[in-house]
Amino acid sequence: AMFVIMYFFMIRPQNKKQKEIANFRKSLQVNQSVITAGGIHGIIKEITDDYIVLEIASNVKIKIDKNSIFADASAASNQSK
């Protein structure tokens, strides 16, 4: 009984959140504003299977692992308002 309670309150929501993040990463598009896991805000300029080129300032681009993209910046700014 304890395992069932733990499953519904801890494991199941975590798996659901992981699936949502995976679906979000699959739907990334060029010129989309995103936030990395480290908190860096930027605009996607190039997408490959393994990495993303992110523009964080005018003519400043960084290459980051695709798995470090955390959230859509436009959705995050709408939630904070």
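This is a predicted model: local features need pLDDT of at least 70, side-chain atom pairs count only at pLDDT 80 or more; totals for chains, interfaces and linings use all residues.
Strands here are DSSP runs of E at least two residues long, helices are runs of H or I of at least four, and both are numbered from the N terminus; two strands pair if DSSP finds at least two bridges between them. As for the ground rules, local features need pLDDT of at least 70 and side-chain atom pairs count only at pLDDT 80 or more, while totals for chains, interfaces and linings use all residues. Residues are numbered from 1 along each chain as its sequence is written, and side-chain values use heavy atoms, with hydrogens and water left out.

Going into the sheet, β1 (residues 33-36) and β2 (residues 41-47) pair in the antiparallel sense over three bridges. Ile 35 stands opposite His 41 in β2.

The largest nonpolar core takes in eight residues: Phe 24, Leu 28, Val 34, Ile 44, Ile 52, Leu 54, Ile 64 and Ile 69. Such a core is a set of buried Ala, Val, Leu, Ile, Met, Phe, Trp, Tyr and Cys residues joined through side-chain atoms within 4.5 Å, where buried means under 20% relative accessible area, exposed over 50% and partly exposed in between (1.4 Å probe, protein chains only). Neighbours within four places in sequence aside, Ile 64 touches Thr 36, Asp 50, Tyr 51, Ile 52, Leu 54 and Ile 69.

On the charged side, a search of the whole structure turns up one salt bridge, meaning a side-chain nitrogen of Lys or Arg within 4 Å of a carboxyl oxygen of Asp or Glu. Lys 45 and Glu 55 form a salt bridge, with their closest N and O atoms 3.6 Å apart. Lys 45 lies in β2 and Glu 55 in β3 (residues 51-57), so the pair ties together parts ten residues apart in sequence. Lys 45 is partly exposed at 32% relative accessibility, whereas Glu 55 is buried at 18%.

Ile 47, also in β2, is partly exposed at 29%. Leaving out neighbours within four places in sequence, Ile 47 contacts Leu 28, Gln 29, Val 30 and Lys 66.

Note on methods: Contact means heavy atoms within 4.5 Å.
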